[in-house]
Every structure is written in structure tokens, then in C-alpha cells.
Amino acid sequence: MSRYWSPLVSELQPYVPGEQPKMANLVKLNTNENPFGPSPKVIEAIQKELNDNLRLYPDPEGLALKEAIASYHVDFGIEANQVFVGNGSDEVLAHIFQGLLKHDKPILFPDISYSFYPVYCGLYQIESKVIPLTDSFEINPEDYKRPNGGIIFPNPNAPTGRYLGLQHVEEILQANPDSVVVVDEAYVDFGGDTAIRLVSQYPNLLVCQTLSKARSLAGLRVGFAVGNEELIEALNRVKDSFNSYPLDRLALAGAVAAFEDKQWFEDSCNGVIRERKRVTEELERLGFEVLPSKANFVFARHPDHEGSDVAAKLREQGVIVRHFNKPRISDFLRITIGTSDQNNALIKGLDSL
Ligand SMILES: *Cc1c(COP(=O)(O)O)cnc(C)c1O
């Protein structure tokens, strides 16, 4: 607290990101980074962009990237003016909260979901109502049929990893024609089906994605949203009232290359899916209950051991996973799927407990 702070700042409860340890050689399975690394073509494109042009501002519209994203989704009839790009999907989400989810009625999101949502509500003074997931940690569309100022949920959900089929997403869209429904698809490429295919049918649908997870570019900070032109225009208005150049020249060049290298992307997603299956089987062998995951992590609990305890003991063995000290999920660990070596270290560590 300081007398120099705006009153709002003292009230804020900021998001706490997963630890980025300074210690080398840790097996880092705590922040859902992709273990396979970005496409070499991304690195090449960024290196090519490292020149005297850095004295010039980047394209404020990021048009080349919007076009690359639209053309990647050409089968769904997406055009560049239906795409918004930003500095990581966290920034895109921030603009969504401010520009599309702040109305008289409270917005709805699951009790167990991305912990940044309540933080944005605090920052932008948006009222919210959390909707409990079912006992099996699923989203029940019936629970989203009540008055609201907007709806947001991750799909697959984080940190549960559970995926809600698109027919159920449509049920929520149809029940809420007067609200924006935001589907946060940070993990959709690891086995889910994207709601981007529904954008042309539903003017109230906004789909948000990131290059941090499936495209292995968490360090480049690129995210985007796809939706009806009117929704995108709201985001452009917020962005141009905040920062005209959220994506620098290197990020734009790298992100375009990431969308162009489909093969690398597919191989890396398949690698994660293959390892996810193996890690799930090994955890079950050790007596863990593992929720069915379509993400690059699994959410698991052991009937005989406390989550915080297992996390602490794994850490002693150089393996870090994420534990949330929150109601309903304090027994669970969220474990990022790593390379096969990293996953072996995890299993070995758990075996020895
Ligand atoms: C990782 C994540 C994001 C943020 O991604 P960035 O693009 O790195 O900001 C957004 N939503 C969910 C659910 C995530 O897990």
C-alpha cells in the first residue's frame, strides 16, 4: 500500500504465473509449455527480420498475420477482418473483458477454470458469477441458461483438461443470443475440435487462441481471436486506445511462419498426444485418478496422498508440477506433458515415492 497508488490498485489481486525457476536441469512440467520447441522456420523468419528495419514501427494492424490465420482457417470461411491479434492471448482476453464483457449483468465462468478471469474482473470492475463444474468436473450447458452479461470458458478447460463437445458449445450459444460467448481455446489443438468452424453461424461467438502452447511460442507472446467483424471491431477500438503496436516485427514474422509450417505443428501436437496417453497409463498404474484430457497436461489426484505433498516431494527430485491450493482441486496436480525423457523422470520420481 502506498498513498501514491490509485484506489483501484490497492484492491487488485494480480494473477500469479507458474514459477520460471532460475535453476537449470529442473524437469519443468508446471506451465504447459510445449517441450518440442518451435518450428525451425519460425527461427529462420525471425533471424531474417533482425535488421535495420527495427528502427521502423511494425504494422499496427498486423495484417500479414491476420491473413495467415484467416487462410489457415479458410475451410471455415474466415477472413482477415474477422481476426484480432495481440500480445499473447492474455492481452487479447484483457481487451475482450473490457470491450465485450462489461455490461450491467454479471458474466459467467466455471468455478474451476483459468485463474486470470477473476483478475480481469477485478481490473475492469466487472461483476461475475462463478458456475460450479459438475462433480465429474464437466461444464453443464444447462447451467449457462440464465441472465448474464457474457460467458467465458476455456475449452479444453484449464486446469481440468476436459473438453466440451461443439454441440454443447452450440447449446450455450443458442441459449444466449444477446451475450458474447467467449471460448478460450488455448489447448484445442491437442485433440479438440475448434469452435472457429461455428463463427460464421453465430454473431455472438468469439474464439480466442494462443501460439504459446501448440505452436511452442510462449516466449514470443502472440495470441488471437476470431469472431464476427463487429466483435473484432470492438477489440480494435480498445487496442487502439491502449497500444497501437502490441506485436513487434519479430513476433509478427515468427507467428506468420508458425502458421505456414503445418507439418511441424501437426507432428508436435501428435507427439504430445502420444506422450499424454503414456503418462496417463503410467499414472493410473500408480493409483492416480486422471481426468480425461484433451490438453497438453493432465489433472490427476492420488486417493492416499495430498496434492501439495506430492508436489513438494517431486520438487525435491527436480521435477516441478503445478498445485492449486483451492477448494475442490487441492488434491490434484496439473502435470504438463513433456518430452519422453521428462515424462520418464516424472514417473520415476513418483515411483520412488
Ligand atoms: C496459457 C493460457 C492462456 C494464455 O496464453 P498466452 O497467449 O501465453 O498469454 C490463455 N488461456 C488459457 C486457458 C491458458 O491456459
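## Close-up views of a predicted model

**View 1. Strand β10 and its partner β12.** Strand β10 (residues 297-301) pairs with β12 in the antiparallel sense, over 5 bridges. Here strands (E, at least two residues) and helices (H or I, at least four residues) are DSSP runs numbered from the N terminus, and two strands pair if DSSP finds at least two bridges between them. Across from R301 you will find F332 in β12. This is a predicted model, in which local features need pLDDT of at least 70 and side-chain atom pairs count only at pLDDT 80 or more, while totals for chains, interfaces and linings use all residues. Residues are numbered from 1 along each chain as its sequence is written, and side-chain values use heavy atoms, leaving out hydrogens and water.

**View 2. The open sheet.** Stepping back, 3 strands form an open sheet in the order β9-β10-β12, with antiparallel pairing. β9 (289-290) and β12 (332-336) are at the edges with a single partner strand each, so one side of each has no neighbour in the sheet.

View 3. Look here for pairs of N or O atoms within 3.5 Å. A polar side-chain atom of S212 is 2.6 Å from a ligand oxygen atom, and one of D184 is 2.8 Å from a ligand nitrogen atom. D90 takes part through a backbone N or O atom, 3.0 Å from an oxygen atom of the ligand. The protein covers 93% of the 390 Å² of accessible area (Shrake-Rupley method, 1.4 Å probe) that the ligand has on its own.

View 4. Most residues other than glycine have a negative phi, and most peptide bonds are trans. The peptide bond from N155 to P156 is cis, with omega near -5°, and the bond from A158 to P159 is cis too, with omega near 5°. P156 lies in the loop between β5 (151-154) and α6 (166-175), and P159 is also found between β5 and α6. R221, in the loop between β7 (205-210) and β8 (223-227), has a positive phi of about 60° although it is not a glycine.

How values were computed: Polar contact = N/O pair within 3.5 Å; in protein donor to acceptor, adjacent residues only side chain to side chain.
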